[in-house]
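Please read them with the coordinates open.

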Amino acid sequence: MGGKILCARTTFRADRRLGHWSSRCLERLPKADDPEYISRTAVAGRGGMIFGAVVVWGDETMANERRESFTREGIETMKWGLVRSAINRAVWDRTLGKSPMCCYSGNADEGYRVSFDHDKTFHDRENEPGYEPPAWMTHHHFPPIPHARKEARSRAGWQEDYEGNRIAEFDVWEPTNSGAADFQGLYAQWKQRVDKLFTGWGEPDRIPYEKNFWEAATRLRDAIKPLGVVNVPGESYYLACRSLGLLTHDPGAQGTTPPARMWAPQINGPIDRFVIPLQGTLLNLHVLGEMLAAQLDGLGNMWQSTRISVMEIGRQATRRMDFTGDGDTTQALIKSAGWVVGAMGLIPMATAAGIGLAAAGLVLAGADAILDEIKSKSKEVFDIPAAINGATAEEIIRSVQDVLDSGQDRDLETQLQIDESDSAETLDVAHKHIVEDHTIYNAETNIYTTYFTMDLRDVRADSHPEKPGDVDISVEFERLRDAGKMFADELGEELRAASRGVRDVYSTSSTWERPELSGGRAIGFGTTGSWPNWSLVRDDLAGILDTTANQVAELGEYLIAAANFLERQDTSAKETLVQAGRELDNAFGGPG
């Protein structure tokens, strides 16, 4: 069904057939009492016809009920659908929108023939003998609107007198110039408005892609996984500590009693000051890495929600232009901030094991500080009620702009800024703790308050409060060497591998970059979001792992040298131990 109406009237002959109407005013009418085709709406859609305020619909409406994907093709389809509907609505705004009696016919597919100087009642007398219409009566013709941006366009519009003679012409696709006709560039105006409206938002190749963030989070978790299981039976740190005699219970040994702790002036300090709190350091670093990964998960969720919201806003705007939307009824067009904080809220807290002391004696202060910061920002993602409203095409476009970026608290842009600001602030807190806080060893209480780093310029100082008074040296040389090898060859390399894996995750900011909005301001929290803050903490983590790996390796070599000296007691072994001691001190910044 695809009829057109020019100056239609609302009464019909009893036989429902067309009377003697001017061919310029009416081509054909449908059955006015057919409920399949008649809808009391204000404007016809594609293939529709208008009877005053009554619309006869064709097979489909102007509104695009299909939800397009956030792809280059999907964005173009969504935007052009809105352009067509905006033009269609703009023509309606100038005609039927001002007067339901306006002389109006046509649709987006076939073009329009309307009048701005008379209404349809002037045509009621046109078939009367001797009737001459006023000479000032004119009609304007507007060409069809193409279905796609690249589709060939009919550019010409014109004004004609009542006899059909053209008296003025204009190009609807040529932007308006000073002094040009009132309808010059009418269609171009709405194309430009819609394109400007979605500047930045409608660039799928430049909007950060959520899958990249999720995949990066997986890679990061794979890299830091060894840090979270250091105290698990069978892992290198656990085995080294077992060799040193630091376990009171060994669930993996089928009830066998772990060996007793070894004692010697040469090894007591490194064990108490570094080996025992090392568990806490690595667990803290694991939580730090989990925080970085959780942020990537949250940012990925945020960008996925953004893409969905942009497309839904465009779809609802098109429906509103076509009078098929929900009017001023609020819709869940966008989601609130909370993606990043919500993802970080899922970080599991590390659990210390009793290695070298009771588990309660190892305080994971660094992890606690991060999780407390996250808890303080606690928020849940919720639907933000928003309405695409307005009585004209202009008002609807402004309403869309407000939902996207109004500078208020409840638009899409503001929610992105809040999420990325939460990300940056949490990262800044973590970096502050990394720089300012170091593990504290209280020798008197045998309690370790551990952070992400250790400042041990006196790593070899022997001050254990519970050292047996009648034992100066109690060492099994082979066990001590085994522990040294485990540290130097196994754990050191595991930490280096973890550092390499961490550094490989987002070594550049390219994935975080996003386009600018129409005002020149980047979407969200700057041109790369919270990348500078995230990459700083990522580099902190990788750097600490490298430093710790070097310290672990030097410790291992020192323990091996100590075992050889204690066993052989010769000059060569002593010189080797002295040199290993210097290198161990240097790994911690030199002797205190």
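1. Asp93 counts as buried because its relative accessibility is 15%, where buried means under 20% relative accessible area, exposed means over 50% and partly exposed lies in between, with a 1.4 Å probe and protein chains only. The residue is found in helix α1, which spans residues 72–94; helices are DSSP runs of H or I with at least four residues, strands are runs of E with at least two, and both are numbered from the N terminus.

2. Leaving aside residues up to four places away in sequence, Asp93 touches Lys98, Ala391, Thr392 and Ala393, a contact being heavy atoms within 4.5 Å. Asp93 and Glu394 are 301 residues apart in sequence, while their C-alpha atoms are 9.4 Å apart in space.

3. On provenance, this is a predicted model, in which local features need pLDDT of at least 70 and side-chain atom pairs count only at pLDDT 80 or more, whereas totals for chains, interfaces and linings use all residues. Residues are numbered from 1 along each chain as its sequence is written, and side-chain values use heavy atoms, with hydrogens and water left out.

4. For the protein as a whole, the secondary structure comes to 12 helices and 13 strands, and 54% of the 592 residues are buried. Among contacts with a separation of 6 or more, 70% are between residues 24 or more positions apart.

5. Which residues touch the most other members of the largest nonpolar core? They are Phe198, Leu244, Leu288, Phe487 and Trp534, in a core of 144 residues, the term denoting a set of buried Ala, Val, Leu, Ile, Met, Phe, Trp, Tyr and Cys residues joined through side-chain atoms within 4.5 Å. Helix α5 supplies the largest share of this core, with 24 residues. Not counting residues up to four places away in sequence, Phe487 has contacts that include Tyr237, Leu244, Val275 and Leu559.

6. A search of the whole structure finds 18 aromatic pairs, that is, rings of Phe, Tyr and Trp (its six-membered ring) with centres within 6.5 Å, called stacked if the planes are under 30 degrees apart, edge-to-face if over 60 and tilted otherwise. The rings of Phe274 and Phe588 have centres 4.9 Å apart and planes at 80°, so this pair is edge-to-face. Because Phe274 lies in α5 (residues 265–321) and Phe588 in the segment after α12 (571–587), the pair ties together parts that are 314 residues apart in sequence. Both Phe274 and Phe588 are buried.
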